[in-house]
Amino acid sequence: MLAIVVLAVPFAAGIASAVLPWRREIGWLCTATIGVVLVCGIGLAARVVHGPPITAFGGALRVDALSAFMVIVIGAIGLLATWQSVRYLSLEIAAGRSSRRHASLYSALVQGFVTAMLLAVLAGNVGVMWVAVEATTIITTFLVGYRQTRGSLEASWKYIAICSVGIAMAFLGTVLVYLAALHVGHHLHANLDWTSLMAVSHHLDPGVMRLAFALLVLGYGTKVGLAPMHSWLPDAHSQAPAPVSALMSGVLLTVAFYALLRFKAIADGALGVAFPRALLVAAGLLSLVVAASLLLTQRDYKRMLAYHSVEHMGLLALGAAAGTPLAIAAVLLHILGHGLAKGVLFLTSGEILHAEGTTEIAQIKALLARRPALGGIFGFGLVALLGLPPFSLFVSELNMVRAETQVGLGWAAAISLGCMAVIFGAVMSHGRHMLFGSGPDGERVHKTPGIVTVPLIGGLVGCAALGVVAWPLDSLLRAAAQVVAL
Amino acid sequence: MSGSAYASSLELASGVVLVCAVVTLWRRSLSAIVKALAVQGVALGVVALILGVGKHDGVLIAVACLVIAAKGVVIPVLLGRVVAGDPASREAAPIVNVPASLVGAGALTFLAYGATGSVVALIPTTAGRLIPLGFATMLIGYFAMAVRRKAVSQIVGLLLVDNGIALVAFLATAGVPLLVELGASLDVLLAVVVLRVLAAQMWSKFGVLDLDEMRELHD
């Protein structure tokens, strides 16, 4: 029942905002529906953490601890993003860059986007999951191109062309998994349900599964933003409106990663650990190296945040490659921590862009002196994202490295730490340039309205709280890790 | 349908799918490319139709009719409108010239046979033997997207990829479950519509249909 509410409520709000001309109240209504999603996600988690999975519509929807955790992630970052969307749209309308009609389209698309992500993590069937992930691509293309500038059109073209190709590969991978399931002798009613695939995973034909898993890593990896399929990511994330960037970077990438985690569990059964691990280690390390080298010379702070996502997706791939319960629990905590920190940073960068009118790092100086609230949030967000305590990314990165060392991937962990050190230096120097120094004499200190800062500070406090006390999340993380861990 | 007629018609229809993919690399007039794509869509539907009739599978026959309608008619018409609006509707300077592209297509077909050995080994039927043709079509689609710079050519490349995958799906499993099949076709149709809308916006706002002229974003 809760699972149906989770899907129906944001979808209904999407329909409402599509037909009515946009007003602030409708924006707040949309935010409230994502709040409902978050609450329902917590309710679902409480029920499945020690109990059996919940199913609805004859197994079409299936909620286990992993799905419930992902609903919480989507709800939490969705809440931040839709909250800021109200302000974003008001400002765009006030500045004459957007009409009310256009704004209601934006609002409806964001609701549809969130609903599609929720469907992807709640689907009990890997085919339906695929359809939902592809639907997110189509919906977000319009959101990336929302501003209708030359740059945003180019970004949305690149985005849909590359991601459609990627997701087509994932479809072929899914078809091949289905083919392998059809040819498991005793299993007459083969289907694409996640549970029945897991049940037969040890009997799936290894030759076909090897090809299938490689295609799935390439395909879903494109949406995750793993190198070398990441080239759409910095363009799309830097051109989209800030709340959309927050949603894409904070959750969409990890929803695709969730699909990879599910398929990795099936591939582990069919192929043993070595092959899936090798693919994920290769993709993870390459992503880290690419991110490190491109962050060094980055001139645009939105692109800097985007490449930072490539780094974090690489870390997640390495963690998943290790695959032990400790590693997967750390991966999941990292998904939530990264989502919150990255969401806050993209939303803050939207405010900075609005206030300063540029995305160039070189043009922005002395934020802390001139706009203390925005500068402070941006600074703490960077600290969180770089994995310093007390934020939860510190804990999750530490545990991923520990888990990797335990399974003999210490060398990969060492390379990843080296890349992280380079990134740390690069981002620190960019951040220092933007934050410190003294503003021009006589310029007054700009205040930022509380309606903007409250959710951003809330997100950072949540991220820090997760790093200090694991309760009440730890039993959920452990239960969710059990679903896909080795 | 007798056994040999079934096998040879299946081979013919699957072969046409691959040949049409090669034709899109060979021709440089965009309207000819779109026509090849329409023929390919119909051939793909015919493959599903033959399989459906052979297995007495009503659902598959219905899917086949949908495929013919969507990929043989609707999508080519949509693309044709974009081509008609663009006066210079030729792939003027592909990154790789036509003879080299054709050699590439041959190499990719070999690669497809090499990569699908394990899949073919699992299905000892006529349909199973034809699976590499679907893979080859898909790879040619990727190749076309990589070396062609016109907006329409890239959409065509994406559709080649999709048709190749659909051919594999039909031959290997007689189609994935209907719900997934419908979802997948609808998504591809929507992706093409979205790309078409984007192409129209590029054209009306900036007078560009050539992706080489869209070079704002870089590091």
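Author: Domain bounds come from an automatic or database domain assignment. The model is a predicted one.

Reader: What distance separates the centres of domain 2 of chain A and domain 3 of chain A?

Author: Chain A is divided into domain 1 (1–124), domain 2 (147–271) and domain 3 (273–486). Taken over C-alpha atoms, the centres of domain 2 of chain A and domain 3 of chain A are separated by 23 Å.

Reader: Which helix supplies the largest share of the side of domain 2 of chain A that touches domain 3 of chain A?

Author: In this contact, 33 residues of domain 2 of chain A meet 34 residues of domain 3 of chain A. On the domain 2 side, at least two residues each come from α8 (206–224), α9 (232–239) and α10 (242–271) of chain A. The largest share, 18 residues, belongs to α10(A).

Reader: How many residues of that side of domain 2 of chain A are nonpolar, polar and charged?

Author: The side in question is the one of domain 2 of chain A that touches domain 3 of chain A. Its residues divide into four charged, nine polar and 20 nonpolar.

Reader: Which helix gives the most to the side of chain B that touches chain A?

Author: The contact between the chains takes 37 residues from chain A and 34 residues from chain B. In chain B, α5 (117–122), α7 (131–147), α8 (151–173) and α9 (178–206) each supply at least two residues of the side that touches chain A. With twelve residues, the helix that gives the most is α9(B).

How values were computed: Residues numbered from 1 in each chain as written. Chains lettered and ligands numbered in written order. Predicted model: local features only at pLDDT ≥ 70, side-chain atom pairs only at ≥ 80, totals over all residues. Contact = placed C-beta atoms within 7 Å. Helix = DSSP H or I, 4+ residues; strand = E, 2+ residues; numbered from the N terminus. Nonpolar A, V, L, I, M, F, W, Y, C, P; charged D, E, K, R; others polar.
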